[in-house]
Amino acid sequence: MTAAEAAPTAESATPAAEPSAVAPAPGATPPRTPLVARAAAELIGTAALGAVVVGSGIQATELTKDVGLQLLANSTATVFGLGILILLLGPVSGAHFNPVVTLAEWWTARRGGAGVTLRETAVYLPAQIVGAIAGAILADAMFGEPLVKWSTHDRSAGHLLLGEIVATAGLILLIFGLARANRLQFAPVAVASYIGAAYWFTSSTSFANPAVTIGRAFTDTFAGIAPGSLLGFIGMQLVGAVVGLALVALIFMPGRSAE
């Protein structure tokens, strides 16, 4: 879930260091990592994220009938799980786990920034979607739920769609803002913390991720979303990504040297 911005290690800061010694900052996309390894990291990472989101939701509903406590348990598990996954897999694939992050990174690279290529994007996106579906099915299996049961949780209301724009715009602003400010080493904590907060301050409980949104349609449990709500949610997530990139360009506008 991070933008690709490489930063040198302490060793690479010395004059004697070779270019090959330069290591990516946490969360950066390492250009020398084989694409198959990066795709595997995105698939497994998104699957684990989907399993955390769906599984913790199922567990919460089995432990309490209080919806507030259910959301607290769901969001807490997601915060810890996401932070660990970014920390672990960020050095491999950039730990996107999210098509809007991948597409936003491709767009910035297309305009001259660092990031994934179109070919890499074409590999990342299906890996993320397949991973999210597999994660939801795995969570259902662990809790004895039907492996695939379409969710009946309608989330098509307009205020929920607005919540998705806000949640996704904030996520993109955070990730690419950290990249612009050379603060990507804080991505595991910052991104996980933002998602945890957005569970509570957005009306949609911050899906902010098309792949995980699709995966959550496969489970009729606490975290599910009805298939009929997918198009609206994913559309608003894409709108939110555009808004987020616009905010990054505005807020982190490069300064001009004085003449």
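Where is Ala-208 found? Ala-208 is found in the loop between α6 and α7, in a predicted model for which local features need pLDDT of at least 70, side-chain atom pairs count only at pLDDT 80 or more, and totals for chains, interfaces and linings use all residues. Residues are numbered from 1 along each chain as its sequence is written, and side-chain values use heavy atoms, with hydrogens and water left out.

The overall fold comes before the details. The secondary structure of the chain comes to eight helices and zero strands, where helices (H or I, at least four residues) and strands (E, at least two) are DSSP runs numbered from the N terminus. From that terminus on, the elements run α-α-α-α-α-α-α-α. Of the 259 residues of the chain, 48% count as buried; here buried means under 20% relative accessible area, exposed means over 50%, and partly exposed lies in between, with a 1.4 Å probe and protein chains only. Among the contacts with a separation of 6 or more, 76% are accounted for by residues 24 or more positions apart, a contact being heavy atoms within 4.5 Å.

Two residues stand out by their backbone angles. Most residues other than glycine have a negative phi. Phi of Ala-208, however, is near 50 degrees, a positive value in a residue other than glycine, and Ala-208 counts as buried because its relative accessible area is 1%. Asn-182 also has a positive phi, near 55 degrees, and its place is in the loop between α5 (158–180) and α6 (187–201); with 58% relative accessibility, Asn-182 counts as exposed.

Leaving aside neighbours within four places in sequence, Thr-168 is in contact with Val-100, Ala-208, Gln-237, Gly-240 and Ala-241. Another buried position is Gln-70, with a relative accessible area of 7%, in helix α2 (residues 67–93). With its neighbours within four places in sequence again left aside, Gln-70 is in contact with Ala-60, Thr-61, Thr-64, Lys-65 and Phe-222.

The loop between α7 (210–216) and α8 (230–251) holds Ala-217, which is buried, with a relative accessible area of 1%. Not counting residues up to four places away in sequence, Ala-217 touches Lys-149, Trp-150, Ser-151, Ile-225 and Leu-230. Ala-217 and Ser-229 are 12 residues apart in sequence and 8.9 Å apart in space, C-alpha to C-alpha.

Charged side chains come next. Side chains of opposite charge can pair when their charged atoms come close. The count comes to one salt bridge, defined as a side-chain nitrogen of Lys or Arg within 4 Å of a carboxyl oxygen of Asp or Glu. In this salt bridge the side chains of Arg-38 and Glu-120 meet at 2.7 Å, N to O. The pair links distant parts of the chain, with Arg-38 in helix α1 (residues 35–63) and Glu-120 in helix α4 (residues 118–142), 82 residues apart. Both Arg-38 and Glu-120 are buried.

The structure holds four aromatic pairs, in which rings of Phe, Tyr and Trp (its six-membered ring) have centres within 6.5 Å, planes under 30 degrees apart counting as stacked, over 60 as edge-to-face and the rest as tilted. One of the pairs joins Tyr-194 and Phe-201 edge-to-face, at 6.1 Å centre to centre and with 70 degrees between the planes. Tyr-194 counts as buried, at 15% relative accessibility, whereas Phe-201 is partly exposed, with a relative accessible area of 49%. Arg-216 lies over the face of Phe-207, at 3.6 Å from the ring centre, under the rule that NZ of Lys or CZ of Arg is within 6 Å of the ring centre and within 35 degrees of the ring normal.

On the surface, Val-239, Val-243, Leu-247, Leu-250, Ile-251 and Met-253 form a nonpolar patch with about 520 Å² of accessible area together. Patches are made of residues with over 30% relative accessible area and no salt bridge, like charges being joined within 9 Å and nonpolar side chains (Val, Leu, Ile, Met, Phe, Trp, Tyr) within 5 Å. Met-253 is found in the segment after α8 and counts as exposed, at 54% relative accessibility.

Methods. Accessible areas come from the Shrake-Rupley method with a 1.4 Å probe; for residues, only the protein chains shown count as cover.
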